[in-house]
Structures are given as structure tokens and as C-alpha cells.
Amino acid sequence: MDRGDSRAYTTRMSVRTRFAPSPTGYLHVGGARTALFNWLFARRMGGSFILRVEDTDEARNTDEARQAIFDGMSWLGLDWDEGPAKGGDYGPYFQSERREIYDAWFQKLLEAGRVYEDGGAWRFRFERKPVTMHDLVCGEVTIDYRDESNTPDMVVKRSDGSYVFHFVNVVDDLEMEISHVIRGEDHLMNTPKHLQLIEAFGGKAPQYAHIPLILNPDGSKMSKRDAGAAVGDYPRQGFLPSAVVNFIALLGWSSKTDEEIFTPEELIGRFTLDNVNRAPARFDFEKCKWVNQQHLLKVAADDFAAASKPFVEAAGLAIPENFAAIAAAVKEKVRLLGEVPAAVDFLIGDGYSHDEEAVAKVRANAAAKELLGVLAGSFGSIDDWSADAAKAALNEVAKAAGAKPGPLMFPLRVALSGRGHGPDIGDILNLLGKDRCAARVRKFADML
């Protein structure tokens, strides 16, 4: 079926989308992706995004899980127009507070003869006919309810008086006038049940869009224990919210261009349900880090330093006066803010460690020990210290030994930083200064 342009629906009614999490655990990346797609669609269409909490499972609901959901959405920037802490005309927005509403809608089914008691529970009487749904992503799907053995009447009210998910979900969507239900493909087969309930209520069904599942790179189902599954872990590792939103948007949606890096505002301008993929999305945590790096590159130097500072302090490193310059030196070298402490430790203190592999490469250079010793003395005699002056001294030492300066750069880097990669050598020379550079080169030469 041609899915058509999802914007056409807005000519008939205003767009209202919703995210309805259960507070039984942390905010999973799959739930965050569902919330994001609903948020993007509502923002693109100038509609409303509603947050409602499905908290009827008292045995599993926790205050911590509820707060984790709110915190995760707020960190991602997925602000809701109606819901907890915002209010609205369609509340309450916690299902645990909507019992009287559910009782009234159940009474409608009872009066219409569409429910019957079965062992203390109440079942909804399906109409025995084929039910076809027109999904904005999956196309046309038909479930044949004529075979009762495959589609038994469903329980809508348990023997303890509580209502099941299918019932309250439909009632809430009708009550809150939800225009589009955008949710995971695992709910696809629930939709014909919901359509039968909506028809029995005499209501108007929302449009449905079932988005693809998220799988691991190897095709296995993503579990709660997999890296990147918990949204709450992202800020602790030093991801930017804009980068995570960007990456999650790419899990099942494409701009239909070669571009992959977008701000949230750019995503809003480009997002349509027509560009949601049918195939499952593959979660690649390394790509998520790459996307974050692309966003970090666009951050102003001062903002990068400010964002990095808490991670450096948490690593037990003192913040020096020239921290902004230190942070700027590694800005293009890190993928996460959480990588900054390890990238700058040698620029802040002298207690850094040496990479054994890098040291071994220097030892393999027979002339390195002697040349570094001479270079330490040359550094000490420079009156007006600068990176250019230090490099000139290195050139002179190499020339006097009948060698080229290039092969000395790697030993110098390892002597100053303890590693074979990192910031530009000129930045290192300037940031460490004359005395520290001379002392480190001399100490490293003696260690060889």
C-alpha cells in the first residue's frame, strides 16, 4: 500500500501524539526512540505531544523508575505539552488516577452487551469478521476474527477488578483525542483488537504507525543489559543530548540523503513518517560515539571546556588556570566528554603513566636516548619559550647528529605525554612550558 504523505491527515484534525511508558524500570533506548518519533512528528506538524504514565501495575511500579523516565526525557530535550508537572485539559495523566473514567467506559460496553463474565473476569466479545488496519509504516494488515480458536475473546477486566492494557490504552487514546499512535512494531498485532474496541465505543480511531524493532549489530534482540540500552547511562559517559537524539533518530528513520548529523531543530524540519524504515534497526554503540564526536566538534571551545570540567574533577584532577586552553587542545581528539580526563591528565599533573607499547617503540630507536638527553639541555637554554622555539631546537639537535628531525618527534611526544598519540605537539609544548618540557625529556631519556 502507498503510505502517502502523513501530513495530509492534519487537514482533518489537529495532531496529538503521546508517549505512555510504564514506570517499572529505567528509560530504555527503545522507549526513548518511540518518545522521540512522537515528539518529532508533533513538533513538525505543529501539534501536541502528551506524556501519560501507565502506572496501574502497583507491584512493579517504583518512584525511582518514574523519575528516571522524566529525567531521561528532560535530558534529551523531549518536552511534553501535557502530562505530569504540566497538566492539561485531558488529565489525569497517571492511569492510576483514572479509575472512574475506566469504569464509565466499561459500563458502555456492558450496556451494549459487548462484555461477559468468565470466571470472575470480564471478556470483550469480538465481532467475528476480518479487521483491516492501514498502518502508516507497515501498510495494510488484516486479522481474521472469524476463527475463534485463533482469536478468543479478550479479557478487558480482571477478576480483581483491574483493567488490562488493551482496554485502558484505547480509553485513554479516545479520551485524550490522540490523532496518531506511533509505537513499536511489537504492538502491531494488538491494533486490530484496539480497533474492535474503538468501534464498539463508537469512537474514531487514531492513525497508527508501527516503527521497526531495534536489534543488536548481530541481529539479536537488544536486551536491557546491552551497552547503550539505558538512557540514564549516556550523560554519565559524557554524551551530548543533541547527539543521542540524532543517533536515536537514525534507528529506523532516514533523511533520504547522505547526511547523518542533525540538530534537533533540523530533525524536526525533516522528520516524516513516510521516511520511517520497515526493516529492523541495528544499534551500533560505536557509531553513537562517532555521532557524539561530530556534535562535539561543533561546540564552542569555552562551552566544551565548561562541559568537560565536571568529568575532569570527578577523575580527581585539579582544574588549572589554563584549563580552557588544555581542553581546546584535545577537543578534536575525544568522542565523549568522559574521555577528556584521560586525554588531559599529562597536561595537568606529572603523575601520568607511560604507555608500554609507545615506550618500546622509542627504545627501538637506538639514537633516541642520546638525542633526547641533548634536547633536554637545549630546551633548558631557550630564553623566549614557544612551540616554534622548541621545534627549532629539535631541528638543530637533529642536524648536529646528522639526522632528520621527523624521527625525533615521536620520542619527544612520548617523553612529554607518556603516549604515542594525542594533541598537536605544538600545543603540548606551549601548554607544558619550558621547565616541565625540559624536565620530562631529561627524565624520560634517563629511563630509556
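Predicted model: local features only at pLDDT ≥ 70, side-chain atom pairs only at ≥ 80, totals over all residues.

Trainee: At what angle do the axes of α14 and α15 cross?

Mentor: Helices here are DSSP runs (H or I, at least four residues) and strands are E runs of at least two, numbered from the N terminus. Axes are lines fitted to C-alpha atoms, for helices over the stretch in contact, with angles from 0 to 180 degrees between N-to-C directions. The axes of α14 (residues 368–380) and α15 (residues 387–400) come within 10 Å, and their crossing angle is roughly 135°.

Trainee: Which residues of α15 does α14 meet?

Mentor: Contact means heavy atoms within 4.5 Å. From α14, L371, V374, L375, S378 and F379 take part, and their partners in α15 are A390, A393, L394 and V397.

Trainee: In what order do the three strands of the open sheet lie?

Mentor: Two strands pair if DSSP finds at least two bridges between them. β3 (115–118) and β7 (154–157) each have a single partner strand, so they stand at the edges. The pairing is antiparallel, and the order is β3-β4-β7.

Trainee: Which residue in β4 is the bridge partner of Y116?

Mentor: β3 pairs with β4 (residues 121–124) in the antiparallel sense over four bridges. For Y116, the bridge partner in β4 is R123.

Trainee: Which helices do the buried residues of α12 pack against?

Mentor: Buried means under 20% relative accessible area, exposed over 50%, and partly exposed in between (1.4 Å probe, protein chains only). In α12 (residues 340–348), seven of nine residues are buried, among them V340, F346 and I348. The buried residues of α12 pack against α10 (301–314), α11 (323–330), α16 (406–417) and α17 (425–447).

Trainee: Is I425 buried or exposed?

Mentor: I425 lies in helix α17. Leaving aside residues up to four places away in sequence, I425 touches K391, M409, L412, R413 and L416. With a relative accessible area of 8%, I425 is buried.

Trainee: How many Å separate the C-alpha atoms of I425 and L240?

Mentor: Along the chain, I425 and L240 are 185 residues apart. Their C-alpha atoms are separated by 28 Å.

How values were computed. Residues numbered from 1 in each chain as written. Heavy atoms only, no water.
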